[in-house]
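Biologist: I have a two-chain model on my screen and would like to learn how to read its contacts. Could we go through them together?

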Amino acid sequence: MPNFNKTKMITDVTMHYCPGCTHGIIHRLVAEVLEELNINDNAILVAPVGCSVIAYNYFKCDGIEAAHGRAPAVATGVKRVHPNKVVFTYQGDGDLASIGMAETVHVASRNENVTTIFVNNAIYGMTGGQMAPTTLVGQVTTTSPYGRASKNESGPIHIAEMISTIQGPAYVARVSVHDVPNIKKAKEAIKKAFQYQLDGKGYSLVEVLSTCPTNWGMSPVDALKWVKDNMLNVFPLGVYKEEK
Amino acid sequence: MEKKLMKGNVAIAEAAIHAGCKCFFGYPITPQNELIEHMSKRLLKLEDGVFVQSESEVAAINMVFGAAGAGARVMTSSSGPGLSLKQEGISFLAGAELPAVIVNVMRGGPGLGGIQPAQSDYFQATRGGGHGDYYTMVYAPANVQEAVDLVQKAFDKADEYRNPVIILADGVIGQMMEPAEIKDNDNSANYKKDWAVTGKEGSHNILRSLYLDPHELNIHNKNLTKKYEKIEANEIMFETAFIDDADIMIVAYGTTSRIARSAIREAREKGIKVGLFRPITLWPFPLKELKEAAKNTKNVVVAEMSSGQMIYDVKLALEGSKPVSFVGEAGGIIPTTKQILEAIELASKEE
């Protein structure tokens, strides 16, 4: 039986993520995939602004920190200079789906040969739990204290669906990490996304439904259940686009 | 390359390529469009050329950030409103200490302003422009040949100091055709970029501008300040003309300095002794050099294609030692020789 080892690509730096947050799982999945594809040693991470802003301290590869929402533009600059290296962005919902929407749409439209891991936990985590573009209708946040109301803010934005309508991208999928079977599926999708980049097929995006126990005001276990009970029906899982 | 008649915008683009800049990200805006057009025409034909017309100025400067971080010589260009959008990225470049060259072919403002030439972005260019404590080097060419030379120098200085450098050209410089010679001047091999993110095996380089620990950020700010002081000590450029016997000194840069020269010739024909002080670097500004040049003059006239911006640096340089007056037009109106001559005559009557 194989031993369960620490992934080589993850550094020994103590992670700052809150207890029960699923960033740790998603980091590990990305690191495992890069190792399995033998690209962990020459990948370049573009870090966003948000909870994962210092992700470059945890991934043992070159890292560059983008301005809020601009990771796809920064990744474009990096990739065009080093077309043979694996370049990926790791972005949250505020970063990718709100302030960086123009960059998000156009990196897909140019079919830039980079990969985006999009962590959707329906809230702004780093700044203390404000409403995100992916916040559910009725969800209470610090800036939607009476629940996201369809009158004031309408409903959440659906990134995987939206990006899959663009001609460019090679692979778009939505996965979740709320239980073990889904974690395994998430890893498969992430691996596929990087494989598309390695094959030079173009842009790949994996939206990962994630938790924020701290700002949701829930225990980690309840948070995982909340993803299953409330997010899955609003954000259906699946492959939205796949170039053959 | 032999001397050729070229439009300023095209010459700037071609000069950059000859300085080893194979990487350009930009967005259309008048009056700099020939620059981005020329870059697309040339770079898309080069095997190692990178050209992307970005979705916005914001995206363009952040692509520049990525390419600079990846170790490339990289440039973007724009005008007024576009430069405002780029300030986010320029601040990040300064914070992460990444080299890049940014061209501003100035038009009139504020807001959408107009598309005619102006020198209205002096404050923005010389005071950092974006958020946080930082400076960018600022070169102000007065003719097409000088624009060529300064663009090439800008790439070396950006690499030397790991800092963004601005070419602050007014719309006249961008649109005017003049003869210029562009030499091969690629010194990029002189600058080792072992800090760049290249995906080299086993490398864990981190490029960031985030320092959550205030003590650490304070040290970063102090290190930046030391760098800026070094630039101030070593990189000041200016030019003087007819200054030795001058009673009046005109201070002007870019296109306005050329109009000032015509006014000086006419004034001297009338027996008024006028000289010119032309800053070439606007940051660092030649503060001591200006004061020294003005030493034997009675008063100083500042001429600009703006409502008066550089005049504050001139006053800072003179420390109240001379009366300073202003002549200029804004909004895309170019001040005439006659106007500047009148300002000289007025100044000559002052005691």
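**Reading the contacts**

Modeller: Gladly! Let us start with one residue: Asn33(B) lies in helix α2 (residues 33-43) of chain B, where helices (H or I, at least four residues) and strands (E, at least two) are DSSP runs numbered from the N terminus. This is a predicted model, in which local features need pLDDT of at least 70, side-chain atom pairs count only at pLDDT 80 or more, and totals for chains, interfaces and linings use all residues. Residues are numbered from 1 along each chain as its sequence is written, chains are lettered from A and ligands numbered from 1 in the order in which they are written, and side-chain values use heavy atoms, with hydrogens and water left out.

Biologist: Which backbone nitrogen lies 2.8 Å from a polar atom of the Asn33(B) side chain?

Modeller: A polar contact is a pair of N or O atoms within 3.5 Å; within protein, one must be able to donate a hydrogen and the other to accept it, and residues adjacent in sequence count only if both atoms are side-chain atoms. Here the nitrogen belongs to Ile29(B). The Asn33(B) side chain also has a polar contact of 3.1 Å with the side chain of Thr30(B). For contact in general, the test is heavy atoms within 4.5 Å. Leaving aside neighbours within four places in sequence, Asn33(B) touches Asn9(B) and Pro28(B).

Biologist: How is the interface between chain A and chain B described?

Modeller: The size of an interface is often given as the accessible area lost when the parts come together. Buried area is that loss (1.4 Å probe), summed over both parts. Between chain A and chain B, about 2500 Å² is buried, and carbon and sulfur atoms give 62% of this area. On the chain A side, Asp41(A), Asp62(A) and Glu65(A) lose the most area to chain B, together 22% of what that side buries. In residues, 32 of chain A are in contact with 34 of chain B.

Biologist: How many salt bridges are counted between chain A and chain B?

Modeller: A salt bridge needs a side-chain nitrogen of Lys or Arg within 4 Å of a carboxyl oxygen of Asp or Glu. The count is 2. Arg70(A) forms a salt bridge with Glu88(B), with the closest N and O atoms 2.8 Å apart. On the side of chain A that touches chain B, β1 (43-47), β2 (62-65), α2 (71-81) and α4 (101-109) of chain A each give two or more residues. Of these, α2(A) gives the most, with 7 residues. That side divides into 15 nonpolar, 8 polar and 9 charged residues.

Biologist: In what sense do β2(A) and β9(B) pair?

Modeller: Two strands pair if DSSP finds at least two bridges between them. β2(A) and β9 (residues 206-207) of chain B pair in the parallel sense over 2 bridges. Gly63(A) stands opposite Ile206(B) in β9(B).

Biologist: Which domains does the assignment give for chain B?

Modeller: Domain bounds come from an automatic or database domain assignment. For chain B it gives domain 1 (4-234) and domain 2 (239-349), with C-alpha centres 28 Å apart. These domains bury about 2300 Å² between them, 57% of it on carbon and sulfur atoms. The count between them is 3 salt bridges. Separately, Arg258(B) and Glu178(B) meet in a salt bridge through their side chains (2.6 Å, N to O).

Technical notes
Buried area = accessible area lost by both parts, 1.4 Å probe. Nonpolar A, V, L, I, M, F, W, Y, C, P; charged D, E, K, R; others polar.
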